[in-house]
Amino acid sequence: MNQKEAIAAGRTALGIEFGSTRIKAVLIGEDSTPLASGSHEWENQYENGIWTYSLDAVWSGLQDCYRSLAEQVRSVYGEELTIVGSIGFSAMMHGYMAFDQNGELLVPFRTWRNTITEQAAEILTREFQFHIPQRWSITHLYQAILNQEAHVKDIAFFTTLAGYIHWKMTGEKALGVGDASGMFPIDSKTGDYDAGMVEKFDDLTAGCGYPWKLNEILPKVLCAGETAGILTPEGARLLDPDGRLKSGIAVCPPEGDAGTGMVATNSVAVRTGNVSAGTSVFAMIVLEKELHHVYPEIDLVTTPSGDPAAMVHCNNCTSDLNAWAGLFREFAESIGTKITMDELFSVLYRKALEGDADCGGLLAYNYVSGESITGFEEGRPLFVRNAAANFNLANFMRVHLFTALGALKNGLDILLKEEKVTIDQVYGHGGLFKTPVVGQRIMAAAMDTPVTVMEHAGEGGAWGIALLAAYMKNRQNGESLADYLKANVFTKAGSVTEQPLPSDVAGFDVFMKRYHAGLSVERAAIDAVK
């Protein structure tokens, strides 16, 4: 009854996140626990050499996701969802969405997955003396300039997917600082774009004759806790075409999936970290001091509160693993056995724990797309072995779990072994950790660090952005995000921690030697298989 009353009175917060393969909505109550959820499956398309999602897919997916949430609220609580206390929107970080002065998209959305900006990334990294990855929004913009693309002169605004959704919901061209830090470097002292680097960029483009300066086309940067606008009548109708949801609801700064993952795992404080493992994989470590060097494998971004964080991001994680699982399911169905994907993953993942520590000499690469952290602009999923390898199902599954984290381990080793970064706690979330124990064991082996999965980790970033929306509305007297989460969200949250096993750690290190030695095979596959 208390939950029903909270929904009717709008004592709730709604979070919606656009992931790579699923759009998810979570409605939370006054105690921050999920009351209802909705989702919509979607996929990117590879069109004309670009990984993209259409605007039609964005809006139809959002509306279907919200509709499924509203239907669950109706069926479980007997209430129509007409009001919520606050709302937040989140999405995959980075990418490129450029609009003209009439608000029209100038070129198809270029997602984080594209590896077509190597020249721009190299130039900007050199000029800024700061690592600028290929997937960042500023890199896409500068590559378009280098390519002399005609649309650049007409840009009035560019942003991320979360920033676009927020703009259409509120009319505000704003971005949370965490998501903004994946567009352009942030100065943590000012909480805004790095002024010196903005000036350098304007100097680089001064001779191009464009009618804009960089600060004129970037979204405004906001910190967690600030109000980023109000849901307009037009936004409410876009979100809920049935017209039941009222406008006037406060909306928090839109964030990227890295920031919402940090919130959802209580890892926004210094010396905490989290790993998000799904279609892509990234690790975020909140730093207590600056790194000694600039590393191409390490991105420097911020938490939703603006604190500096080191990010290791890899384009590929579970997509190839999921494809193999689909093959096994097809075989099972061919012999008359019905099995759900959850059951199948549980069986296959647990089998991996029976394998040899180093995967029995097997080797695999999960590169569905390019992987800039290891220098590949394209990818070819690959499995290879020699005749003496111990080829069985346990090792086959183990090697595909290991390789899902192979590129990530390159960057983690820099942070943990070279920079001696201290981590008090690492949290895992995402599909890799859905099967109990297994994903944690593999991740703990890769980092040689205990890995914890929280009770609500399965709710992921949608829950994280809902928490940010609640924080905006409910925080007391300048209460920090870390203190708010500690006091109001995670005091009684259940969790499970897996310690690294020495044999797993040693086995992963042996596998990584094989992984590095075999990168030439991956290169040959890209060259030969078109």
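The legends below describe several close-up views of a predicted model.

Residues are numbered from 1 along each chain as its sequence is written. Because the model is predicted, local features are given only at pLDDT of at least 70 and side-chain atom pairs only at pLDDT 80 or more, while totals for chains, interfaces and linings use all residues, and side-chain values rest on heavy atoms, with hydrogens and water left out.

View A. Thr 403 lies in helix 13, residues 393-404, where helices (H or I, at least four residues) and strands (E, at least two) are DSSP runs numbered from the N terminus. Thr 403 is buried, with a relative accessible area of 1%; buried means under 20% relative accessible area, exposed over 50%, and partly exposed in between, with a 1.4 Å probe and protein chains only. The side chain of Thr 403 reaches the backbone oxygen of Ala 364 at 2.5 Å. Neighbours within four places in sequence aside, Thr 403 is in contact (heavy atoms within 4.5 Å) with Ala 364, Tyr 365, Asn 366, Phe 511 and Tyr 515.

View B. Rings of Phe, Tyr and Trp (its six-membered ring) pair if their centres lie within 6.5 Å, with planes under 30 degrees apart counted as stacked, over 60 as edge-to-face and the rest as tilted. By this rule the count comes to 31 aromatic pairs. One of them joins Phe 383 and Phe 391, a tilted pair at 5.7 Å centre to centre with 35° between the planes. Phe 383 is partly exposed at 25% relative accessibility, and Phe 391 is partly exposed at 43%. Ring pairs also link Tyr 365, Tyr 367, Phe 376, Phe 402, Phe 508, Phe 511 and Tyr 515 into a cluster.

**View D. A salt bridge between Arg 523 and Glu 377.** The structure holds 22 salt bridges, and in one of them the closest N and O atoms of Arg 523 and Glu 377 are 3.2 Å apart. Because Arg 523 lies in helix 19 (residues 519-528) and Glu 377 in the loop between strand 19 (363-365) and strand 20 (382-384), the pair ties together parts that are 146 residues apart in sequence. Arg 523 is partly exposed at 27% relative accessibility, and Glu 377 is partly exposed at 34%.

**View E. Cysteines without a disulfide.** The structure holds zero disulfides, a disulfide being a pair of cysteine sulfur atoms within 2.5 Å. For Cys 252, the nearest cysteine sulfur is that of Cys 223, 12 Å away, and Cys 252 is buried at 1% relative accessible area. The sulfur of Cys 359 is too far for a bond, because the closest cysteine sulfur, in Cys 317, is 15 Å away.

Terms used. A polar contact is a pair of N or O atoms within 3.5 Å; within protein, one must be able to donate a hydrogen and the other to accept it, and residues adjacent in sequence count only if both atoms are side-chain atoms. A salt bridge is a side-chain nitrogen of Lys or Arg within 4 Å of a carboxyl oxygen of Asp or Glu.
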